[in-house]
Structures are given as C-alpha cells and as structure tokens.
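Reader: I am new to this structure. Can you take me through it in short steps?

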Amino acid sequence: MARGNRSMGGCESLGGGRIRRAAWVIGAVILLALVATALWLWGRTSANEGVSVVMQSAVDGEDQACAAEGGGREEIVYHSRKNDRMEIALSFDDGPHPRYTPEILSILAEYGVRATFFMVGENVGYYPDAATAVLEAGHEIGNHTFSHHRLRKMTADEIREEILACEDAISSVAEYRPRFVRPPEGCMNDGLRQAAAELDYRIVLWDIDTLDWAHTPPAAIAQHILDEVEAGDIILMHDFIGHNSPTPEALRLVIPALIERGYRLVTVGELIDGDESGVRVSDGDETGGKRG
Ligand code: NI
C-alpha cells in the first residue's frame, strides 16, 4: 500500500504517464481486492472445518473471539469425528442447581439417556446433593473451574488453582475426578492448555450453542438443535440459569425428536473415547468407573 500511496501522491507527470499510473493503481486495487476475498473465503472454510463455535457470552464483545482465537485446535475437543455411531452428547454447564439439575435429571431418566455436566466448584459446594444425584443417575461430571471466572487473562498457575479447587469441591462430595475441563465461556489461552496438560485434562468445547442461557424459547432451542445437529456433535446447554430456565422444556421437545432420528445420546467421554464409563473415579481406581 505504501507504494500505491506514493504513486498517487506524485503529480509530476501528465497525459499518458498519468493514465498509465492510474491504470496501474486500479489494477493493484483490483488485485488486492481479489487477494482479500480469497483470504476471507479461505478463513471461512477453515473455521467451518474446525467446527463453528458460537460464544456463550455473545453479548460481551471482548469475548466474541475467546474460543475462536484458541489456535492449537488439535488438542481441543469440539466434537467427535467418528460419526458412524450416530452418537451425540448433551452437556450442561454452570450447575449444579437445586431446582433445574434434578428436573433435567428426571427428563434424562425418562428417556434413558446420559449426559455430561460441567460443574462450577462453587456451586458444587452450595448444592452437593444435586452434584451427587448427577453421578448416582449415571452421568458424567466435567470440570468448569471453581469460580467461573474467565480464564483468558489468567496465568497457568492461576488456572491450575481454579481447576484443582473445582476438583476438590467435586471430590468432597463424591469419589470422582473429572477428566474433561470446559473453560467458562469457551475462553482459551496458553495457560489453560498448559494447566490442562499438566493436570491430565482434556479441553472440551462444543459444536452447538443452544443459547438457552439467553432465555431462548424452548421451541426455538429444540428447532436450532434439530436444524444443526450431526452425529458426533457436542451440544451446549445449562442446568444453572437464574429463573425461568427454558432448558427442561426444550429437552422434553428435542430428546424424543433426536431419538426418533436415530441418535444415541451419550456422555462426552463415550462420544470421544467410546468409553462406556466416561469417568475416572479417584486416581488409579478403575473399579469405580462402573458407576458412570
Ligand atoms: Ni459456564
């Protein structure tokens, strides 16, 4: 662009020279536009290949890029690419919640399906019974940090503390150690990758954000899932939403429709590892895996 500016600014010649210069400038602009368009299209294709990630906190502009700027995507699980089993995973974040977690559990039980609950350590401390009910019903628990702060500006040490404090909260109510961590709002940084690797966690994001956290009407949530879902997908929902959560009603609509389409609803662990237990109970204790 610097060269283009210089030739535009220099008015030392007239006639044919000016026309040739103008033609050169127009040609350069067209070329740049073509290159920019090609790059834009390439970027869109790449993003789609890596699975589109819609931010949970779309209202906060600063967070829009959280999940997208992760890079190093190979170590981050968005969904299973093994689509031949027609499996998908429902995941519920931010709980446990004294009302909605049990309500969601009873709906899942009604259809005989399992799911993964990414719990916030602080809420496990407040509602331990809801946390243990999740395990007793055979579901999987994931680590959603202790205090649900955005991790993006935290160091690896600080993130490690957040993950471990959540782990402590969970292990204080059950003999259970999660093996998946989902960063609040999908915010990634290198510190999270480092902490997750050191603590033997896999980072799990999602394919479909149901926007239930924004009180999207149940029918719209169900329709969005049915429009978007593909085998192998991880679906983001929440069991902790202030008041009037649309999530239970959305589940009543969407679960039978998904089953009707031939999908099996499994835990994240089962989806990505084919692991029936989907859990790891205490370090080195394999026998407890049966409870999952
Ligand atoms: Ni969350």
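Reader: How are the donor residues of the nickel ion spaced in sequence?

Author: This is a predicted model. The nickel ion is coordinated by D94 (OD), H144 (NE2) and H148 (NE2). In sequence, the spacing of these donor residues reads D-x49-H-x3-H.

Reader: At what distances is the nickel ion coordinated?

Author: The donor atoms are OD of D94 and NE2 of both H144 and H148. They coordinate the nickel ion at 2.0 to 2.1 Å.

Reader: Is H148 buried or partly exposed?

Author: Buried means under 20% relative accessible area. H144 has 0%, so H144 is buried. H148 has 22%, so this residue is partly exposed.

Reader: What span should helix α6 have, and how far apart are its end C-alpha atoms?

Author: Helix α6 covers residues 156-171, which is 16 residues. At 1.5 Å a residue, the helix should span 22 Å. That agrees with its end C-alpha atoms, which are 22 Å apart.

Reader: What covers the buried residues of α6?

Author: The buried residues of α6 include A156, I159, I163, C166 and I170. R160, E162 and E167 are also among them. Their cover includes the strands β3, β4 and β5. It also includes the helices α4 (121-126) and α7 (190-198).

Reader: How are the rings of Y126 and Y127 arranged as an aromatic pair?

Author: A search of the whole structure finds two aromatic pairs. Y126 and Y127 form one, at 6.1 Å centre to centre. Planes over 60 degrees apart count as edge-to-face. Here the angle is 65°, and the pair is edge-to-face.

Technical notes
Residues numbered from 1 in each chain as written. Predicted model: local features only at pLDDT ≥ 70, side-chain atom pairs only at ≥ 80, totals over all residues. Heavy atoms only, no water. Donors = N, O, S within 2.8 Å, 3.2 Å for Na, K, Ca; no water. Buried < 20%, exposed > 50% of the residue type's maximum accessible area, 1.4 Å probe, protein only. Helix = DSSP H or I, 4+ residues; strand = E, 2+ residues; numbered from the N terminus. Expected span 1.5 Å × (residues − 1). Contact = heavy atoms within 4.5 Å. Phe/Tyr/Trp six-rings, centres within 6.5 Å; stacked < 30°, edge-to-face > 60°.
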